[in-house]
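Thanks for coming, everyone. Please have a look at the model on the screen, and then we'll walk through its packing.

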Amino acid sequence: MPYIRRVYGVKDKFLKRKWKSRWKSWTLKLLADYQDVQNKLRSSLHAAFSTAKDEARSPTHREIVKTAILYLDAVIEEALRYARTATTTIRTTTQDVGVLDHVIPKDIEDYLPSQGPSIFSPAFSIPDSLRSESRWRREENGKEVFDAVSGLLLTFGLGPRGCYGRRPAYLEMKLMLVLLVWGFELQRCPEGLII
């Protein structure tokens, strides 16, 4: 199957559409359900694009691409986590590896689940009041920066074998989310549809 995917690109096109629709649907639903997050995101955008707000216009493509907004990046990561666009990450061991009391021999494909306890739902009962947005932040040269790999979710993988479409995907997600939240107020879903 990897050969077919590389040569013909058929599966890539299908997967591209599938993850986008899941992410967009979940993002819209979550922002509508969690009005406080939507309002905080809108405030963050207004602060970051104050010139656009003062001129009563939407931010331009160039402004959106050049501006780093910590809360926007965190919302994108949380929406990816909820959308569960990547079900597993597959890696091949390059040497014998010991995990707990088990040895995984060299050249074995390891399937690492991206769903289930501790990823989509809490592994332990922790009150929401103790959870913090700081899990997406870290200090770098005395400045607070966004750290997408601080959690367990690796939607696009990492390193040289990571998804080559990661950057364009994040760019598209950022553009879409900024323009949607800037231009629309998403209303809360009916009670039966809230997760």
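Start at L41. Leaving out neighbours within four places in sequence, L41 is in contact with L31, Y71, L72, V75, L177 and V181. Contact here means heavy atoms within 4.5 Å.

Two housekeeping points. This is a predicted model, with local features needing pLDDT of at least 70 and side-chain atom pairs pLDDT 80 or more, while totals for chains, interfaces and linings use all residues. Residues are numbered from 1 along each chain as its sequence is written, and side-chain values use heavy atoms, with hydrogens and water left out.

Now the overall layout. The protein has seven helices and six strands. These are DSSP runs, numbered from the N terminus: helices are H or I with at least four residues, strands are E with at least two. From the N terminus, the order is α-α-α-α-α-α-β-β-β-β-β-β-α.

Next, one helix pair. Two packed helices are described by the angle between their axes and the distance between the axes. For α3 (residues 35-48) and α6 (residues 70-83), the angle is about 140° and the axes are 9 Å apart. Axes are lines fitted to C-alpha atoms, for helices over the stretch in contact, and angles run from 0 to 180 degrees between N-to-C directions. Which residues make the contact? From α3, they are V37, K40, L41, S44 and L45; from α6, Y71, L72 and V75. By type, that contact has six nonpolar residues, one polar and one charged. Nonpolar covers Ala, Val, Leu, Ile, Met, Phe, Trp, Tyr, Cys and Pro; charged is Asp, Glu, Lys and Arg; the others, Gly among them, are polar.

On to the core. A nonpolar core is a set of buried Ala, Val, Leu, Ile, Met, Phe, Trp, Tyr and Cys residues joined through side-chain atoms within 4.5 Å. Buried means under 20% relative accessible area, with a 1.4 Å probe and protein chains only. The largest such core has 26 residues. W23, L41, L45, F49, L72, I76 and L177 have the most contacts inside it. α2 (10-33), α3, α6 and α7 (166-183) each give two or more residues. The largest share, nine residues, comes from α7.

I69 sits between α5 (61-66) and α6. Is I69 buried or exposed? It counts as buried, because its relative accessibility is 5%. I69 is in contact with S44, L45, A48 and F49, again leaving aside neighbours within four places in sequence. I69 and L45 are 24 residues apart in sequence, yet 7.6 Å apart in space, C-alpha to C-alpha.

Technical notes
Buried means under 20% relative accessible area, exposed over 50%, partly exposed in between (1.4 Å probe, protein chains only).
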